[in-house]
Each structure stands twice: as C-alpha cells, then as structure tokens.
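I kept these notes while going through one protein model. The entries follow the order in which I looked things up.

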Amino acid sequence: MDPRTVLRTGIEAWTIGVLAVTIPVSGGLVLTIVNQNRIHRYRWPAYKNIIGIQNLFPFPVIASMLVDLKIMNSELGRLALAAALISDLTSNLTATIISYGRLGQMGYASAIMVHSSVLTLGLILFILFVGRPLCLWIIQKTPEGKPVCRFHIILTSLLVLVVVLLTDNAGLNYMYGPFLLGLAVPDGPPLGATLVDRLETLISGLLAPLLVTYCGMKVNLVELYDLKFIGTVWLVLGICLLTKLAAIFIPALICRVPVKDAAALAFVMSGQGVVQMSFYYYNAVNQTFDGETFSMLTTSVLIQAAAANIIVKSLYDYSRMYTGYQKRDIQHTTANSELRVLTCAHRVDDVLAARKVLEASFPRKESPLAVYALHLVELVGRAHPQLIDHQLGQKSSGGTRTQKMIEILSFFEQQYQGVVTVQQFTAMSLTKFMHHDICTVAFNKLASLIILPFHRKWNHQGKMILDSSSLRSINCDVLDLAPCSVGILVDRHKVRRNPSQTYNVGVAFFGGTDDREALAYARRMAQSADVHLTVVRFVPWDIYAGDSQWDAVLDAEILKDTRMQGAHQDNIVYKEERVKDGAETALMIHAMEEAFDLIMVGRRHKEDTPQLLGLSEWNDLPELGPVGDMLAAADLNTPVSVLVVQHQNAKAI
C-alpha cells in the first residue's frame with residue numbers, strides 16, 4: 001500500500017475516516033466511565049478490551065470484503081478503501097495515545113511510560129531509516145522484470161520479526177509494527193509483487209482459515225454460566241455497532257453520498273473478520289477473556305461478517321453502475337460531430353493495432369476524433385487500485401512498457417494535430433475488476449465505442465503465442481456491462497502481407513443492430529480516400545426468413561444510405577450474396593480473408609438466421625459470435641484483422 005494515497009484522498013474520505021473513529025472512541029470512553037462501578041473488577045479488563053477491539057477499523061478486512069463483493073473498483077469501493085486506511089491509522093494512533101494516558105495516570109508507571117515511548121520512537125526510526133532503505137536496496141539489486149531472490153525474501157521476513165519484537169516490547173499491539181512496515185515497503189513489483197506471490201497462498205489460503213477454524217472449534221454455546229455478563233457483552237456489541245454505523249452513515253450523507261451508498265459504506269466499514277478474531281484469540285490466550293466470553297465474541301464476528309455481505313449486496317447493485325439515459329453509439333453520432341472512442345491496451349501491440357484502426361477512422365475538422373486511451377496494468381503487491389490521469393501530471397508506476405504506449409499515442413495526436421485529441425489513463429487493478437475501470441472511463445467520458453484487444457496474439461509467422469483466459473474474462477465482463485458500443489479487435493498485423501497504401505475494409509452484413517453498428521463505423525472510415533470499403537450482404541434464399549419486420553426496415557434504411565454513398569464515392573462497393581445455410585456462408589467468409597486488411601462483423605444475430613444455420617454449434621468463443629469466431633480461429637494464419645462490434649446494450653439506454 002502506498003502511504004501517499006492518504007494524502008491524495010479527497011475531503012470526503014478524510015471526513016468519513018476520521019469521524020468514523022473519533023465518534024465510536026468517544027462513545028466507548030463514555031461507556032467505560034458510566035459502567036466503571038457496575039462491572040465486576042474480575043470482568044473489567046475483558047470489558048475494556050471488547051470496547052477497544054470494537055473500535056478498530058482493520059484495512060485488510062475491509063479490502064478483502066470489497067474484493068469478495070466485487071466492488072473494489074467502483075466509486076463506493078474506492079471511497080471505502082481510502083476512508084478505511086485513514087480510519088485504521090487513526091484508530092491505531094488513538095489506541096496508542098489512550099494507552100499512554102492510562103500509564104500516565106499511575107504514579108509508579110512513569111519509568112514504564114518513558115521506556116514505552118522510547119521504544120515506540122525507536123520503532124518508527126528503525127522502519128524509516130533501516131526498513132525502507134533496505135527494501136530500496138533489495139529493489140536496486142533485483143534485475144528489471146525478475147522476481148526478488150529467495151535470500152532477499154528471507155531478509156525481509158527477518159525484518160518483520162525484528163519489527164514485531166520492537167512493537168511488543170513497546171507495549172503496542174504486535175500487529176501495529178508490521179502494518180507500519182508494510183506502508184514503508186515500496187508497492188508493486190519487484191518486492192511488493194514477490195512478497196504477495198510468495199506469502200499470499202500461505203497466509204490467506206492456510207494460516208487465516210486455520211485460525212478461523214481453530215477459533216470456531218473453541219466456541220461452546222452450551223456451557224454458559226455468567227448470563228448477566230454475556231448479556232452485557234451482547235449489549236456492548238450492539239451499541240458499538242450502531243455507533244459505528246451512525247458515525248459513518250451521517251458523515252457520508254453530509255458529504256452528499258447517496259443514501260443507499262452511504263448505508264452500504266457504513267456496513268462495509270463496520271464489517272468484522274479475521275483481524276478481530278485474532279485479537280479475541282490473543283486475549284483468550286492471555287486469559288483476559290474466559291471461554292464463554294470468547295465464544296460470544298467469535299460468534300458475533302461470524303454473524304456480522306455474514307450479515308454485512310448480504311446487506312451490502314442488497315443495497316448496492318454494481319450491474320447498474322453504468323446505466324445511462326442516452327444513446328451512445330456510432331449510428332446516432334452525426335457525421336459532423338466528435339466521435340469519442342475508448343481504446344484499451346495491455347501490451348504495446350494492442351496500442352499499435354488500435355492506432356491503425358483510429359487512423360482509418362478519418363478524423364477531420366468537421367468531425368474530430370477524441371481518443372481516451374486506458375493502459376491496463378495488473379495490480380500486484382498493492383492493496384489499493386489506482387486510476388491515473390496522465391493529463392493531470394500523474395506518473396504511472398507501470399514501468400517502461402506503459403511509457404512506450406503513452407509515447408505512441410502522443411505521437412499520433414501530434415501527427416493529427418487539431419483533429420485528434422488524446423487523453424491517456426493508466427488503470428492499476430486486479431484482473432477480475434479491470435472491466436469496472438474500463439466501463440467507468442467510458443461512462444464518464446461519454447464514449448461511443450470501446451475498442452478491446454482480443455485475448456489471442458500471433459507472431460510474424462502466424463503462430464499463436466498468447467491465449468489469455470484472464471483477458472478473455474475482462475472482455476466478456478465489459479460486453480455485459482458497457483454503457484456504449486464495444487468492439488473486440490482481433491489483431492494480426494504482425495503476419496506480413498504485401499504493403500499497400502490503400503486500407504481495405506470489408507463488412508459482412510447479415511442484419512440486426514450489431515451489424516448496423518459495424519456498418520456505421522465502416523461508412524465513417526470510407527469517407528477517407530485511403531480506405532476502400534466493400535459491403536457484402538448475405539441474403540437467404542427465402543428473402544422473408546429470419547428478420548423481424550422492424551429490423552428489416554432499419555437494415556434496408558442503412559443499406560440504402562450505403563448504396564447512395566457508394567454512388568458518389570469510388571471507394572465503396574456494395575454487393576449481395578445469396579446463401580442457403582451456414583456452410584455456404586463459411587466458405588464465402590473464408591474467401592474474404594485474403595482480400596481485406598480489416599473485416600468488420602456484428603457480434604449478435606438471431607438464432608433462426610438462415611444464413612448462419614449450423615454455425616452456432618461450432619462457436620467456441622460466444623463473445624465473438626459465430627462469424628467472429630470463424631475469423632479468430634487459432635489455426636488461421638492469414639494476415640486479416642477483425643473488429644467484432646456489439647451495439648450498446650438495451651439495458652443501458
């Protein structure tokens with residue numbers, strides 16, 4: 001986690017994060033004073049510790065919950081992460097100050113307080129002047145692109161052990177020191193990424209579940225003796241929970257967060273998990289808690305964790321996050337208006353392929369092109385996703401690869417100065433949440449089209465060198481949630497063909513909203529004299545089969561406009577081919593592969609379309625549709641690229 005994130009968070013996160021701690025802590029102190037003479041002195045240490053633990057906001061628990069709920073990259077998730085980090089630091093600082101205050105009240109404890117203060121100061125200085133420089137030295141010794149060696153991992157582990165010993169001897173909770181050290185460790189590769197890669201499975205996959213299982217086995221809900229104190233425990237838990245909910249919900253409303261989102265934020269930040277359970281177990285081992293108190297507290301963690309997930313899911317529907325009330329597509333973008341396109345890239349090859357398509361889009365003064373480039377970097381060794389806007393002077397830590405992608409599109413903007421504007425972003429996120437960043441930028445920038453890179457890559461010989469299931473998953477999620485039209489670009493530019501100044505574009509038209517969107521984009525490209533467009537309409541033998549009446553009217557209208565445009569331009573050719581079924585269509589599609597640099601097709605067609613009969617049964621990639629699947633086959637080594645277009649989803653209009 002980058003500690004500078006705290007400084008960059010807005011006033012909303014600071015307001016919610018600080019008040020979320022100060023109000024419950026103040027309430028806890030009031031509870032402690034009011035009940036000082038009502039609680040038996042044997043139970044008093046347990047009572048104080050319960051209130052203290054309830055007022056913690058452990059960042060790992062909240063981050064893990066957001067990952068489980070799949071809302072980490074949403075606006076709510078980002079606000080929750082920022083506020084949680086501030087709350088965690090504030091609650092630990094407050095607990096330390098309260099502990100020192102209690103020591104100061106004891107006349108004989110002045111020496112202990114001095115000893116604790118010196119060790120705490122020594123801990124902070126050790127982390128700043130030994131821990132962080134050591135981590136930076138390890139990074140310098142690691143070759144670029146390589147993981148950290150095993151010796152350095154062991155050295156970092158020993159550093160954690162030293163910090164734990166210093167923290168425990170200072171009288172602080174032993175978890176506080178490693179937390180501060182984690183903030184000092186530079187995030188991302190190589191060190192942060194390697195630590196996550198080596199330790200995450202051991203800790204999250206083995207040790208944490210073992211702790212929860214062991215605590216669960218110690219729970220005994222049958223043998224209960226002090227029912228009065230058990231009732232007090234549940235009353236305190238209820239009061240602390242309601243206080244935390246109110247301390248988060250009310251400031252969120254003041255910061256103009258919508259009511260449902262404010263309620264969801266309150267339950268997310270009030271959630272409990274393995275960190276609270278470890279504190280309860282630590283107190284049980286020290287005999288601060290007896291068996292029945294530990295059983296009640298462990299049960300409360302399980303209940304709160306389960307209830308918070310269910311409540312947040314019912315309050316916050318992330319599938320409706322990108323719902324809009326206007327048409328965002330190319331068909332309804334007038335010829336003399338700005339076309340807004342969001343291009344996504346994981347590699348330099350993706351940027352080069354997208355640039356080729358953008359160049360063919362014929363930007364001009366009457367109809368300029370606005371390009372929003374989103375460079376996608378997998379989040380490794382970090383807890384906080386980032387969306388970096390390079391126009392604001394923010395720098396990416398994605399490395400030289402990201403810088404190369406930025407330079408390519410910056411040069412493209414200079415080449416078409418006055419008619420093309422490029423705004424570049426870098427999204428650093430977990431792969432399973434990248435689609436949220438893509439849809440968020442498209443929604444906020446009013447994009448008409450998102451261009452996604454295909455998950456397969458080919459080399460110069462036409463041999464497939466990459467087939468990424470994670471990238472495919474991103475594309476499928478974007479297709480489901482996108483607020484505008486989407487195009488998946490199957491790039492084979494590395495496969496060599498004879499160079500030509502003319503860019504040959506073909507459109508396979510079967511009818512339907514996706515085919516009309518693909519044709520609308522191709523017609524815009526054809527306004528350039530350097531682009532030669534061929535529209536091939538596949539017509540069934542039975543002319544009236546397949547299409548609905550309204551779809552047939554819309555298809556006829558756009559085809560009529562295409563023929564009229566072709567009558568005035570020599571670079572547009574329109575022709576019709578009659579086919580009986582999918583087998584004949586497949587033969588003609590394969591015949592088109594050698595003739596074009598780019599083939600554009602629609603993704604979705606009606607199941608009863610006669611021209612595609614039988615092709616659906618062989619469709620391995622449903623996100624491309626039957627025609628796109630044929631053209632993106634892994635064994636195809638022709639140099640044609642393919643753009644599979646999906647029109648804006650009806651649910652987003």
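I looked up Arg 256 and found it exposed, because its relative accessible area is 78%. I noted the cut-offs: buried is under 20% relative accessible area, exposed is over 50%, and partly exposed is in between, with a 1.4 Å probe and protein chains only. Arg 256 lies in the loop between H10 and H11. I wrote down that helices (H or I, at least four residues) and strands (E, at least two) are DSSP runs, numbered from the N terminus. The phi of Arg 256 is near 65°, a positive value in a residue other than glycine. Most residues other than glycine have a negative phi.

I recorded that this is a predicted model, where local features need pLDDT of at least 70, side-chain atom pairs count only at pLDDT 80 or more, and totals for chains, interfaces and linings use all residues. Residues are numbered from 1 along each chain as its sequence is written, and side-chain values use heavy atoms, with hydrogens and water left out.

I looked up Phe 362 next. Its phi is near 55°, also a positive value in a residue other than glycine. Phe 362 sits in the loop between helix H14 (348-360) and strand E2 (369-378). I put Phe 362 down as partly exposed, because its relative accessible area is 24%.

Is Lys 244 buried or exposed? I found Lys 244 buried, with a relative accessible area of 2%. Lys 244 belongs to helix H10 (residues 227-254). Leaving out residues up to four places away in sequence, Lys 244 touches Pro 24, Gln 54, Leu 56, Phe 57 and Ser 270; contact means heavy atoms within 4.5 Å. Gln 54 is 190 residues from Lys 244 along the chain, and their C-alpha atoms are separated by 9.0 Å.

I then checked a helix pair. The axes of helix H4 (residues 59-69) and helix H11 (residues 259-269) come within 9 Å and cross at roughly 125°. Axes are lines fitted to C-alpha atoms, for helices over the stretch in contact, and angles run from 0 to 180 degrees between N-to-C directions. H4 and H11 are therefore oblique to each other; angles under 35 degrees count as roughly parallel, over 145 as roughly antiparallel, 65 to 115 as roughly perpendicular and the rest as oblique. Ile 62, Met 65, Leu 66 and Leu 69 in H4 meet Phe 267, Val 268 and Met 269 in H11.

Last, I noted the whole protein. I counted 21 helices and 13 strands. Of the 653 residues, 51% are buried.
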